Amino acid sequence: MKKNKHQKSIFSRLVKSYVLFLAGSLVIYLIAVVLILSYLGNGKISNVSPQTVVKNDGTINDLEVLSRIGGWVEELDSEGNVVEVFGERKTDRNSYSLSDMAELLDMGYVRYGKNGIIINEHDPAKDIEYSGIVRYVGEPKRIFLVCYPYDMISYNMTYNITNEGNNNALVFLGVLGVLFLIEVLLISLYLKKHIEKPLKLLMDGMDEVSKGERDVVLEYNTDKEFEDIRDKFNGMAQKLKESEDEKHKIEQNRNQMLLELAHDIKNPIASITSSICALEEGLVAEDKKADYYKKIEMKATRIRTLTEDMNTSLKMESDDYKLNLEKADVCEIVRRICVEFYEDITETGKDFDIDIPDEALTAEIDVQLFGRVINNLLANANKYNSTGKNIAVKVYKDGNQIVTEVMDDGEAIAEEFVPRLFEAFSRGDSTRKTDGGTGLGLAISHKIIKKHQGTLKYIRVEDKNCFVIRIKG
């Protein structure tokens with residue numbers, strides 16, 4: 001499946017989720033603050049600020065918010081005398097000195113208390129400090145002093161939370177908690193959607209594989225890590241399918257081999273049986289008995305060769321079978337076998353060309369089994385090359401591989417037969433028929449080289465049949 005270059009990882013998704021959570025939290029906090037300030041300001045946030053009680057034109061705004069926190073407004077004349085009070089005044093001071101007025105006009109903010117300037121007359125034991133904001137507004141200009149408790153904010157919050165009969169602040173806190181819970185739920189659902197879906201698909205795919213399904217392919221697009229898991233799963237499922245297909249193929253080949261073996265053994269057994277019966281019943285002339293005994297021996301040898309080759313072929317298929325590996329000179333092994341075949345080949349009138357380097361080309365091989373492969377190839381080349389006049393062997397180094405070629409100039413193997421050339425009991429080519437062979441030689445040779453982690457291939461090159469062995473040097 002093609003990967004999306006812009007796919008996101010789980011890490012980036014988590015970062016995004018927490019950024020969204022933080023942003024959402026800030027939004028909820030701001031909304032809560034606005035709602036609380038609106039509540040405190042009787043529906044208007046601007047009413048929360050004490051200085052907004054006195055408008056720029058000199059009129060007095062709604063005093064309810066200011067009165068609720070224990071504040072009031074005083075209007076002063078140019079001499080600093082209190083000419084009018086708006087709201088319930090908590091002090092008894094009726095005038096301010098020139099220095100007080102100068103400080104008010106210069107600072108715009110004055111804090112009173114403890115020095116006796118502004119004292120709560122209703123509760124002498126409790127010394128309350130007040131703050132003042134001066135407003136110099138209107139036309140003509142008028143002087144207003146907005147007074148309120150210095151600790152108005154802490155007082156207000158304490159009052160709302162602890163005062164019986166006033167649960168508005170608790171309601172706001174409850175609403176705030178509910179909003180946070182909703183936000184956490186939404187983010188959890190968001191993550192659940194992107195994590196649970198691929199996990200569910202993966203588990204469903206594993207269930208299908210465990211039930212024996214082999215054509216299972218997961219297809220989904222999501223975060224990079226889950227797509228990597230998807231690709232690993234698909235790769236594993238594909239390898240499992242290929243492994244079982246290969247196992248099934250091997251099983252079929254084994255069964256076919258057993259059938260072919262039974263077929264090939266049946267004829268010599270029948271021949272042996274009939275010969276023994278003829279001898280036992282005295283139907284064979286005395287001068288023919290030797291021929292019958294020789295015939296029985298040949299058929300018995302044929303059966304033994306078939307069973308031995310079959311046993312070797314089955315051993316090569318087993319994963320438990322271990323080669324007897326040793327570091328050996330491939331050139332020396334091939335050279336020795338060529339010497340053994342030299343007389344047999346030249347006696348048939350064929351030329352035998354041998355091209356083997358003098359220097360050693362060593363590899364980790366099973367000497368006996370590798371020698372058997374060379375022996376099979378040379379025996380086939382000599383036996384089945386009825387139209388050619390040349391057999392050749394060549395050994396050389398190609399990179400990190402040692403290559404051994406066995407060639408003959410006989411007729412080409414039929415093209416349709418080549419794909420089945422290394423299968424057991426293959427008999428499909430009229431020009432190179434077995435003529436008494438077991439039909440297992442090439443199949444065993446191919447398995448031996450495969451056990452060496454090498455390759456054995458057939459090619460037709462320059463009008464010659466060429467079997468090429470490659471093993472790691």
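Let's start with a way of sorting residues: Ala, Val, Leu, Ile, Met, Phe, Trp, Tyr, Cys and Pro count as nonpolar, Asp, Glu, Lys and Arg as charged, and the others, Gly among them, as polar. By that sorting, the lining of the largest pocket here has 14 nonpolar, seven polar and 15 charged residues.

Before going on, note that this is a predicted model, in which local features need pLDDT of at least 70 and side-chain atom pairs count only at pLDDT 80 or more, while totals for chains, interfaces and linings use all residues. Residues are numbered from 1 along each chain as its sequence is written, and side-chain values use heavy atoms, with hydrogens and water left out.

Back to the pocket. On a 1 Å grid over the protein atoms alone, a pocket is an open set of points where a 1.4 Å probe fits, with protein on both sides within 12 Å along at least five of seven lines; lining residues have an atom within 4 Å of a point. The largest pocket holds about 1100 Å³ of space. It is lined by 36 residues, and Glu246, Ile250, Glu317, Lys447 and Lys450 are the closest to its centre. Helix H6 (224–280), helix H7 (289–317), helix H10 (441–451) and strand E11 (455–461) each give two or more residues to the lining; helices (H or I, at least four residues) and strands (E, at least two) are DSSP runs, numbered from the N terminus. H6 gives the most, with eleven residues.

Now follow H10. Is it enclosed or open? Eight of its eleven residues are buried, so H10 is largely enclosed by the rest of the structure. Buried means under 20% relative accessible area, exposed over 50%, and partly exposed in between (1.4 Å probe, protein chains only). Among the buried residues of H10 are Leu442, Ile444 and Lys447. Just after H10, Gln453 takes a positive phi of about 60°.

As for peptide bonds, a cis one joins Glu139 and Pro140, with omega about 5°; Pro140 is found in the loop between strand E4 (130–137) and strand E5 (142–149).

Next, the rings. Rings of Phe, Tyr and Trp (its six-membered ring) pair if their centres lie within 6.5 Å; planes under 30 degrees apart count as stacked, over 60 as edge-to-face and the rest as tilted. The structure holds four aromatic pairs. One of them, Tyr458 with Phe467, is tilted, at 5.3 Å centre to centre and 55° between the planes. Tyr458 counts as buried because its relative accessibility is 13%, and Phe467 counts as buried at 7%. Ring pairs link Phe422, Tyr458 and Phe467 into a cluster.

Finally, look at helix H9 (residues 367–384). How does its length check out? The expected span is 1.5 Å times one less than the number of residues, so the 18 residues of H9 should span 26 Å, and the end C-alpha atoms are 26 Å apart, which agrees. Its buried residues include Leu369, Phe370 and Tyr384.

Conventions:
Grid points are joined across faces, edges and corners, and a volume is the space filled by probe spheres set on the points.
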